[in-house]
Amino acid sequence: MKIRTRKLGKIFGAAPRTVTALEQIDLEVFDNEFVTLVGASGCGKSTLLRIIGGLDYHTSGDIAVSGKPVKGSGADRAMVFQHYSLYPWLNVIQNIKFCRRLKVNRRELTSADVEVASGRADALLNVMGLPNVADAWPNQLSGGMQQRVAIARALMPRPEVLLMDEPFGALDAQTREVMHDLILHVFNLERATIVFVTHDVEEAIYLGQRVVVMAPHPGRIDSVYDVPLPVRRTQDMKHTPAFLALKREIVGRIRETSGMKTDLEMLERLSGVEEREE
Amino acid sequence: MFAFVAAARPARPGFWSIRGPMSQRTYWVLAALGLIVPLAAWWVLSAQGWVSKVFLPGPVDVFHRALTWSMQDKPLADTSISVYRVTVGWLLSAVLAIPLGLLIGTLRPVQAVLEPLTDFIRYMPAVAFIPLVMLWIGIDEGSKIAIIFIGTFFQMVLMVAEDVRRVPATRIEAAQTMGATRGEIVELVLLPAAKPALLDTLRITMGWAWTYLVVAELVAANSGLGYAILKAQRFLQTDKIFAGIIIIGMIGLLIDQLFRWLHRKSFPWMHLKR
């Protein structure tokens with residue numbers, strides 16, 4: 001068991017004006033598992049991810065990573081964000097090696113250690129398809145390339161858990177597909193535990209071994225699905241009956257729990273009114 | 001046939017379109033016009049004798065005055081003492097405002113204690129402090145520097161704090177999830193991320209420091225550009241007032257360009273041609 005939350009809750013604000021962001025979250029993520037969190041906006045999926053990463057704190061219940069209670073952020077849990085996380089004053093390779101400037105990574109003192117580290121940086125550069133842009137500034141790169149650098153930088157210190165908060169949300173559909181296969185490839189190489197937040201159901205199914213569907217008001221876990229696809233995913237699996245059935249099921253759950261249904265009913269009523277007037 | 005005519009040429013955005021395109025040449029021609037037209041208007045206005053020379057000396061008079069000034073008196077000495085006062089006052093501000101602003105922009109308790117106070121003081125006119133400054137510091141160099149300091153410091157603190165606050169949270173959080181300590185975040189993320197904005201703040205506040213120069217040289221001065229302007233007023237030497245103001249403007253322009261050059265050299269990643 002890598003991550004375990006028990007009756008985890010998060011309330012924003014102070015009484016009497018409070019918002020319950022998360023309520024009674026019982027989540028278990030196994031070692032080397034790829035779990036995706038999906039749900040309508042306001043379901044608390046990002047908040048849950050941030051609590052696991054130690055960037056936000058919970059207000060009730062427990063959370064443990066590798067058996068240790070989470071107290072703030074740490075080098076064992078790296079995070080990839082949607083936007084603005086690269087350091088624009090450092091070039092690509094300097095960004096990837098950023099963690100080497102930090103005290104937590106100064107245990108290695110021999111030249112052999114340094115060699116291993118720069119070997120790893122080069123390897124990541126290759127795996128992410130970035131060797132030609134090692135000396136470029138981040139703002140010379142496309143959005144997709146920037147996210148590749150962000151992922152490489154997060155992986156550099158070999159984190160046990162990789163947390164991804166809608167990392168491909170701002171990319172166009174074609175780039176996103178390429179990134180999906182890339183992150184699966186990296187996952188197979190690195191064997192880290194990945195928790196991936198998205199609002200795109202297809203992305204959640206294609207990447208995840210399990211899909212956790214969350215519901216809003218208050219943020220909670222609605223249902224959990226095992227993805228009935230082989231570990232090695234290929235794009236054409238997106239058109240298989242099993243994939244489509246699961247997608248229909250999850251999209252249905254999200255509609256059911258998000259209030260989208262009442263919006264649709266309202267639209268139907270409105271269009272009914274217009275028809276009568278004619 | 002008709003279809004060809006209709007699709008002849010896509011419409012180019014007009015001269016007055018919002019944020020429309022403009023060639024380099026057109027830009028510089030217009031910029032030159034913007035400088036030459038007022039100068040010509042000034043010259044015509046004074047040459048026609050519509051306005052008395054006591055109120056509006058012509059550009060030629062001002063130029064001559066600047067020349068004779070540089071022969072008889074010592075405008076270089078005046079200039080250098082003024083540059084010295086402005087630079088020291090401004091530097092003193094920067095040395096104190098940057099760490100203080102960094103703390104206000106980083107730590108909420110420091111912000112709560114210092115920001116409302118700073119906001120309060122910055123609305124007080126620096127000129128109003130002259131009697132106090134004379135009382136406390138006396139009438140030598142220190143008092144002139146103090147006025148320039150009072151005029152720039154409080155604004156600078158708030159601007160530095162804002163520069164630091166504008167660093168996107170994800171840049172800080174990315175470092176946190178790599179295991180960075182608080183000190184490392186300040187040193188390796190906040191400062192380098194805020195540096196370009198800080199240099200702009202220094203450039204802008206340097207301009208403000210110059211605007212306080214004449215005020216500062218009201219205080220029992222016997223040298224400096226501001227003092228020269230004030231003395232010229234006493235003798236109705238309008239052309240000398242003009243010359244003094246123009247020299248200050250030139251120095252400002254020069255310093256501004258120096259800062260911009262430094263910005264391009266220090267932060268090449270912000271000035272990429274795409």
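**Close-up 1. Asn32(A) is a partly exposed residue of this predicted model, with 14 C-beta neighbours inside 10 Å.** Asn32(A) is classed as partly exposed because its count of 14 C-beta neighbours falls between the limits of 12 or fewer for exposed and 20 or more for buried. Asn32(A) belongs to the loop that connects E2 with strand E3 (34-39) of chain A. Although Asn32(A) is not a glycine, its phi is positive, at about 60°. Most residues other than glycine have a negative phi.

**Close-up 2. Arg19(B) has a positive phi in a loop of chain B.** The phi of Arg19(B) is about 50°, although this residue is not a glycine. The loop that holds Arg19(B) runs between helix H1 (2-6) and helix H2 (24-47) of chain B. Is Arg19(B) buried or exposed? Arg19(B) counts as exposed because 6 C-beta neighbours lie inside 10 Å, and the limit for an exposed residue is 12 or fewer.

**Close-up 3. A cis peptide bond joins Ala15(A) and Pro16(A).** The omega angle of this bond is about 0°. Where does Pro16(A) lie? Pro16(A) is found in the loop of chain A between strand E1 (3-12) and strand E2 (19-29). Most peptide bonds are trans.

**Close-up 4. His217(A) and Pro218(A) are joined by a cis peptide bond.** Here omega is about -10°. Pro218(A) is part of the loop of chain A that lies between strand E9 (210-215) and strand E10 (220-226).

Technical notes:
Residues numbered from 1 in each chain as written. Chains lettered and ligands numbered in written order. Predicted model: local features only at pLDDT ≥ 70, side-chain atom pairs only at ≥ 80, totals over all residues. Helix = DSSP H or I, 4+ residues; strand = E, 2+ residues; numbered from the N terminus.
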